[in-house]
Amino acid sequence: MPTFTVPDGNVVLRRGKAKARVSLTNSDSSECIDNRIEVGVATARTLGLINKRRYNVRFDSVERSISFFRKPVSRTSIATRIGSTVVEINTNGDRTVTRIKDNEIHVSAIGVVLLGILKNQLLLKRGVVTKRVRLQAGSDIFVEPFIQVTPNTANMFGLVEEDTPVAFNQISSVLRIHPGK
């Protein structure tokens, strides 16, 4: 997915028929792991934007406008781990060990960002098989992205340790495993 920078200056933000004129200033976010736009409460209310929700944006360089479109579903492939003990080794070599139960799923910190997970309660789904789980999120954004489930949950969903296609819906908090198109 291409990354671009909108030049500083006045722009019009649009969502549907709503619009707001704003002054855009790019921040120096050299260690930022995701793209973001921060707007004031009044502008967000005018455009109907919801905090921490994902949107597709389109920049029109002729009109200097940024249009927002709903993007509630994030798709990626993520490493799947199986086991009740989660071991995260950060870049300093420090180890964090935590345990998960059958009603929990562990998602690394960068995995949470990639998927756009906002809530602690998720519905795990593969085909017709579903299970309510509590999210246990990693804390180190420099640990590679992964999800980890217990052996019982892995058996229930037919998971093996490999890169697994997933899709997360921010509105319904459903994490689909091996989703269709």
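Which domains does the domain assignment of the protein give? The assignment gives domain 1 (9-70) and domain 2 (73-177), the bounds coming from an automatic or database domain assignment. The structure is a predicted model, in which local features need pLDDT of at least 70 and side-chain atom pairs count only at pLDDT 80 or more, whereas totals for chains, interfaces and linings use all residues. Residues are numbered from 1 along each chain as its sequence is written, and side-chain values use heavy atoms, with hydrogens and water left out.

The C-alpha centres of domain 1 and domain 2 are 30 Å apart. Contact (heavy atoms within 4.5 Å) involves 7 residues of domain 1 and 11 residues of domain 2. Between them the domains bury about 770 Å², of which 56% is on carbon and sulfur atoms; buried area is the accessible area (1.4 Å probe) that two parts lose on being put together, summed over both. The count of salt bridges between domain 1 and domain 2 is 0, a salt bridge being a side-chain nitrogen of Lys or Arg within 4 Å of a carboxyl oxygen of Asp or Glu.

In the whole structure, 3 salt bridges are found. Glu 63 pairs with Arg 14, with the closest N and O atoms 3.4 Å apart. Arg 14 is partly exposed, at 26% relative accessible area, where buried means under 20%, exposed over 50% and partly exposed in between (1.4 Å probe, protein chains only). Arg 14 is also among the residues touched by Ser 67, a buried residue (12%) of strand 4.

A second salt bridge joins Arg 81 and Glu 144 at 2.3 Å. Arg 81 is in strand 5 (residues 73-82) and Glu 144 in the loop between strand 10 (129-137) and strand 11 (146-149), 63 residues apart. Arg 81 additionally lies over the face of Phe 146, at 3.7 Å from the ring centre; the criterion is CZ of Arg or NZ of Lys within 6 Å of the ring centre and within 35 degrees of the ring normal. Glu 104 and Arg 134 form a further salt bridge (2.2 Å, N to O). Glu 104 is buried at 4%, whereas Arg 134 is partly exposed at 36%.

The structure contains 1 aromatic pair. Tyr 55 and Phe 68 are arranged edge-to-face, 6.1 Å centre to centre with 90° between the planes; rings of Phe, Tyr and Trp (its six-membered ring) pair if their centres lie within 6.5 Å, with planes under 30 degrees apart counted as stacked, over 60 as edge-to-face and the rest as tilted. Phe 68 is buried, with a relative accessible area of 7%.

Notes. Helix = DSSP H or I, 4+ residues; strand = E, 2+ residues; numbered from the N terminus. Lists of a residue's contacts leave out its neighbours within four places in sequence.
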